[in-house]
Amino acid sequence: MDTTRVSNHPRDLLTARPEWMALEDHCRIIRQAHLRQLFSDDAGRGERFAVEAAGVYFDYSKNRINETTILLLMQLAQACRLHEKIDSMFQAKKINATENRAALHTALRSIPGESIFVDGVNVVPIVQEMLDRMAWFSCRIRTGHWLGYTGKCIRHVVNIGIGGSDLGPSMACEALRHYSKRDLQIHFVSNVDGTDFAETVRSIDPAETLFIICSKTFTTTETLLNALTARNWIVSNLGHPNAVSRHFAAVSTNAAAVTEFGINVENMFDLWDWVGGRYSMDSAIGLSTMIAIGPENFRSMLAGFKAMDDHFKTAPFQQNMPVLMGMLAVWNNNFLGMPSCAVLPYDQYLKLFPAYLQQLTMESNGKQVTAEGNHINYQTAPICWGGTGSNAQHSFFQLLHQGTHSVPCDFIGFCRSLNALPGHHELLMANLFAQTEALAFGTNAADSEAGKQQNKLPPHRQFEGNRPTNTLLAECLTPETLGALIALYEHSVFTQGAIWSINSFDQWGVELGKVLARQLLPSVEVSSRPLNQHDSSTNALLRRYHRHNDIHTAS
Ligand code: F6P
């Protein structure tokens, strides 16, 4: 990281704060302690370093911490005015300063009767009205009352969107598949690679297909090209442009562009600029989710979000799950020097959860300047990755146990399976618990019989342990639990951003690539253009690309 332009203003020097330096001093002590020792010295540790909220139990005892660590982390949170920042978010202050917007996704889970004002307008009735419209629309699809152009019921819903307009709804539809209407298939097209669209529509009947074009801005080129291709597919297969109004709906803030595209405004669902793309899966961007699981389940999911929101807003920091989770992430990243983290759901329905969290965490906090624009001299968002437990154990867990990187992990599991086949859930959960034990305690222990045996093993068969994990345990994967889990991660991300003084709600880092792609497109489209306008690498790649295409066209 280039630290030469770091601001010298004391206000901006997070690392010069006494609370930060106290943590650095404390870290030198903690580094000497092994989790084996921390657990053997303190029988109550496993239950004391745990908290429960909104149906989720969060065990953080297998982190390299003690009571002092938590105390010092909370002092840092106070010094960074976390309370004030949380209040500002809930009160719709324009905390997304670079876009001059509030970050008010929490209003999406407000309940009738509440008041939340944005620019003098109470948004709660607007949110409720939108939910009611979504419910009405969803029910018409679900009950077969919505007919396509040729009079057939809808059996396939294709969500076209990318980033937050895809990752949230696709993750939620998969996560809540158990609660979904099984004779309706929900598909997702996001990639501008034509393969995504072609393979999705390959075996579906256009007369039974509804496209939902999800784009907050309605300017995203990938989504607009996929939407155009979808429109051509409908019109050419159903034989008339009038078919569009029966087979397209849209979710956007940009009514003018939606209308220009040809989608009936009656089939358009609003989004508001105070909802960020990666925070929008519980807005109308979740229309496909609501169609899949029904309005009641969708409302239950919102109730789960709200339960975690209320907890985040009111619980004292030391018992506040998102604050603890966020501060532990800061501890592992900035003090223990672990710049990556893995999310490991032990539930097949949550297979898309790590991909969803990658955008949430890294687009939010992958920043190198403060909200005021000063360069910073500390790490921000850890690299987030993961996969479903049990499968991942046979893939990258080798690195988690014996690699040179120490990777803090979140293990997510449920007490009860939604598909209780004999023996399966027991084995799955035994693996979850075993992995957190192995990561924490390893084998190279002189103080246990097993450890002594292991010490006789060659080095490549030994496990050092002392690798931090969190365990999130809930009763069962329900819409409420999913909402609570997502809100937990949203607020943990917020907490981390607040400590690092960054704006977690903009994403200027994606802009340069978009501009260059626009500039490059003509050189890719037309081989006769002079191909020396770029750097020597890009010029050579373009020449090679055209040479191959020319040979292919000629043959
Ligand atoms: O390019 C990044 C991004 O702006 C994300 O933040 C957003 O979720 C995604 O693109 C899609 O944007 P839109 O919903 O406006 O099409």
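Reply: A residue is called buried when its relative accessible area is under 20%, exposed when it is over 50%, and partly exposed in between, using a 1.4 Å probe and the protein chains only. The model is predicted: local features need pLDDT of at least 70 and side-chain atom pairs pLDDT 80 or more, while totals for chains, interfaces and linings use all residues. Residues are numbered from 1 along each chain as its sequence is written, and side-chain values use heavy atoms, with hydrogens and water left out.

The ligand comes first. There are 14 residues around it, and Gly 164, Ser 165, Ser 215, Thr 217 and Thr 220 come nearest; a residue is counted here if one of its heavy atoms lies within 4 Å of the molecule. Polar contacts are pairs of N or O atoms within 3.5 Å; within protein, one atom must be able to donate a hydrogen and the other to accept it, and residues adjacent in sequence count only if both atoms are side-chain atoms. Ser 215 places a polar side-chain atom 2.6 Å from a ligand oxygen. Lys 216 contributes a polar backbone atom, 2.8 Å from an oxygen atom of the ligand. Lys 514 has a polar side-chain atom 3.3 Å from a ligand oxygen. On its own the ligand has 390 Å² of accessible area, and the protein covers 87% of that; the areas come from the Shrake-Rupley method with a 1.4 Å probe, and for residues only the protein chains shown count as cover.

Next comes the segment that carries some of these residues. Helices (H or I, at least four residues) and strands (E, at least two) are DSSP runs, numbered from the N terminus. Phe 218 sits in the loop between strand 7 (209-214) and helix 9. What is the accessibility class of Phe 218? At 4% relative accessibility, Phe 218 is buried. Its phi is near 55 degrees, a positive value in a residue that is not glycine. Most residues other than glycine have a negative phi.

Buried in helix 9 are Thr 223, Asn 226, Ala 227, Ala 230, Trp 233, Ile 234 and Leu 238. Seen down the helix axis, these buried residues fall within an arc of 120 degrees, so they line one face of helix 9; the arc is that of the directions from the axis to the C-beta atoms. Just after helix 9, Gly 239 has a positive phi of about 85 degrees.

Gly 161, in the loop between strand 5 (156-160) and helix 7 (167-175), touches Asp 166, Val 189, Ser 190, Cys 214 and Thr 223, leaving out residues up to four places away in sequence. Contact means heavy atoms within 4.5 Å. Gly 161 is buried, at 1% relative accessible area. Its C-alpha lies 8.5 Å from that of Asn 191, across 30 residues of sequence.

Helix 7 leads on to helix 15 (353-365). The buried residues of helix 15 pack against helix 7, strand 10 (340-345), strand 11 (383-386), strand 12 (409-414) and helix 19 (479-500). Among those buried residues are Phe 353, Tyr 356, Leu 360 and Asn 365. Thr 380, in the loop between helix 15 and strand 11, has a side chain that reaches the backbone oxygen of Asn 365 at 3.2 Å. Thr 380 is buried, with 10% relative accessibility.

Thr 370 lies in that loop too, between helix 15 and strand 11. Thr 370 is buried at 4% and contacts Ile 376, Tyr 378, Trp 500, Ser 501 and Ile 502, setting aside neighbours within four places in sequence. Thr 370 and Ser 501 are 131 residues apart in sequence, yet 5.3 Å apart in space, C-alpha to C-alpha. Ser 501 belongs to the loop between helix 19 and helix 20 (511-525). At 28% relative accessibility, Ser 501 is partly exposed, and its phi is positive, about 60 degrees, although it is not a glycine.
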